[in-house]
Amino acid sequence: MDRVGEVPGRYLSDEQRLMRETCRRYVDDVVRPFIAADREREWSFDVATRLPAEILVEADRAGLRGLGVPEQYGGVGLDPAAQSQTFSIIATELARGDSGLADKLVQNWKISVLLHALAPQHLQDEWFARYMADPQFLMAHCLTEPRGASDRWLPYNVPEAAMETRAVRENGHWTINGRKQFISNGYDASLYVVYANTNPSVGLLEGTSSFLVPRDTPGLEVTRCNETVGGRYMNNGEIVFEDCRVPEDHLLAHGNALGKAGVYFRPGKIIVAAKNLGIGIAAFEDTAAWVQQRVQGGRILIKHQAVALRVAAMATKLEAVSALLRRAAIAVDEDSPDATRLCDMVKVFASQEILEVCQHAVELHGGYGAMLEAGIEKYFRDAAVYLHTDATVDVANFKITKTLFPATAGTYAGPE
Ligand SMILES: Cc1cc2nc3c(=O)[nH]c(=O)nc-3n(C[C@H](O)[C@H](O)[C@H](O)COP(=O)(O)OP(=O)(O)OC[C@H]3O[C@@H](n4cnc5c(N)ncnc54)[C@H](O)[C@@H]3O)c2cc1C
C-alpha cells in the first residue's frame, strides 16, 4: 500500500519511481540516522561544519544534485512535461529526512533550470561543469532586501517597489551595489543569481535585471549566517555588494527579470509545498509508531478515541495537501492558465495544514513532544519556516484573489 500523503506509485513513470526509491534509500540509510544520532548538532554555531561534507557527497552519489542540470553536463535528464511533478516527489522524500538539507539541494535544482533558460552558453559550460564536479557546490537566489520582499512577490509594478540594489553598466562591466538578506544557501554558496534595479524611472517589473555573480567576485561579501528556528542544516545568509563588478555577459535578464524567472518561481512554490509535505509525512510516521506503543489508561494510545480522531485528522490533511500538490504540479508542467493560482494555493494550504499536522504530533507525544531528544518538536520548527518562504501566507492569498478578480483586487496602495 502507498504511504499516507505520497503520490501513489501507479501515477509515477518508471524514471520517477526509480528516483523516489533511490532518494528514499538515501534518506533512510544516511539522513535519518544522521539526524537521530545527534539532535543537538543542528544547534552548533559552527555553521561551516554543522552539516558534515559526507552528507552532500552521498546525495551526489545518489544522483540527487543533478536534478535540473541538463544531461550534457552530467545532470539527470528530466522529462520537461513532468519536471515539476518530479521535483515535487523528490523534494517530499528529501524533506522526510531533513527539510534544511532539502532546502540546500532544491535551490540548486531551481537555479540550474533558471541558468539553463537564461545564461549564455559559455557560462553554462563553465558553471554546470564546476557544479557537477564538486558535491559541496551550492547556489543561491538573491531577491529579498532589508526593505522587504512582499512588494516584489505581488508584484507591485511601481518605482517605489523597486529593488534598492542597483546595477550600473560602465566600461564593459556591470557594477552592483546593495544588500540582500534572508537568502537560502546565502552563507555558503559558490554562485549567486542577483536581482538589481537597472532603471529607477520605471516600474519594478521593467526596471529589474538579474545577474550571475560568482562568490569570489571582488566587492561581494557574505556578512552573516542567519540563525533560524527551523531548516537549520541550510545556511541562510546576508550578502553585501560594494562596487561589485561583473562582466557584461553575466547579465541574465535585462529588464523584466522577475517575469523571466517564472521557470524558477512556479516550480519553487511546488517544491516548498512538497518539502512541507515531507515534514508532515515524517511527523505522521513517528506519531503512528508512538501511539501504537505508548500506553495510558491501560491501553495503547490509538485505542483512545480522542487520539484516533487526531491521527485521522493528520492523515486526511496529508492526503489533501498531496492531492492539491499533484494538481498544481501538473498545471505547471502543462503550463495551464490556472497554474500560478494553484501554486499559491498549495503553498498556503501546505504551510498551514502541515503546521497543524506537526502540532498534533507534538501534542500526542506529551512531554516528549517538547524534548529535543525525541525529534518531534523539530518537525514543528521546520514547518514553521515555510510560512514565510516563497512569499508569506497573506501575500500568497492576496495573489490568489488577484488572479480571481484581476479588475478589482490588487491595486497598489501608494507610497506613505
Ligand atoms: C528560511 C527563509 C529562506 C528564505 N530564502 C530566500 C531566498 O533564497 N531568496 C530570497 O530572495 N528571499 C528568501 N527569503 C525571504 C522571503 O521570501 C521573505 O522573508 C518573505 O517573502 C517575506 O518578505 P519580508 O520578510 O520582507 O516581509 P514583509 O514583506 O516586510 O512582510 C511583513 C508582513 O507584512 C505583510 N504584507 C506585506 N505586504 C502586504 C500587502 N500588500 N498586503 C497584505 N499584507 C502584506 C506580510 O504578509 C507579512 O505579514 C527567505 C526567508 C526565509 C524565512
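How far apart do the C-alpha centres of domain 1 and domain 3 lie? The distance between these two C-alpha centres is 20 Å. Please keep in mind that this is a predicted model, where local features need pLDDT of at least 70, side-chain atom pairs count only at pLDDT 80 or more, and totals for chains, interfaces and linings use all residues. Residues are numbered from 1 along each chain as its sequence is written.

Here is the layout of the protein chain, with bounds that come from an automatic or database domain assignment.

| Domain | Residues |
|---|---|
| domain 1 | 9-133 |
| domain 2 | 139-256 |
| domain 3 | 260-404 |

**Where domain 1 meets domain 3**

Across this boundary, 24 residues of domain 1 are in contact with 24 residues of domain 3; contact asks for C-beta atoms, placed from the backbone, within 7 Å. On the domain 1 side, helix H3 (83-97) and helix H4 (99-118) each give two or more residues, and H3 gives the most, with eleven. Helices here are DSSP runs of H or I with at least four residues, strands are runs of E with at least two, and both are numbered from the N terminus. By class, this side of domain 1 holds 13 nonpolar, six polar and five charged residues. Nonpolar covers Ala, Val, Leu, Ile, Met, Phe, Trp, Tyr, Cys and Pro, charged covers Asp, Glu, Lys and Arg, and polar takes the others, Gly among them.

H3 itself is mostly covered, with 15 of its 15 residues buried (20 or more other C-beta atoms within 10 Å of a residue's own, all placed from the backbone). Its end C-alpha atoms are 22 Å apart, which agrees with the 21 Å that 15 residues should span at 1.5 Å a residue (the expected span is 1.5 Å times one less than the number of residues).

**The nonpolar core**

The largest nonpolar core has 118 residues. Such a core joins buried Ala, Val, Leu, Ile, Met, Phe, Trp, Tyr and Cys residues through C-beta atoms within 7 Å. Helix H9 (residues 262-291) gives the most to this core, with 14 residues. Phe211, Ile270, Leu325, Ala328 and Val346 have the most contacts inside the core. Leaving out residues up to four places away in sequence, Leu325 touches Ser88, Ile270, Ala273, Ala274, Leu277, Val346 and Ala350.

**Around the ligand**

The ligand is surrounded by 22 residues, the closest being Leu143, Ala149, Ser150, Ser184 and Thr392. A residue joins this shell if its C-beta atom, placed from the backbone, lies within 6 Å of the molecule. Domain 2 and domain 3 each supply at least three residues of the shell. The largest share, three residues, comes from H13. By class, the shell has ten nonpolar, eleven polar and one charged residue.

Key: Two residues are in contact if their C-beta atoms, placed from the backbone, lie within 7 Å. A residue is buried if 20 or more other C-beta atoms lie within 10 Å of its own, exposed if 12 or fewer, and partly exposed in between; C-beta atoms are placed from the backbone.
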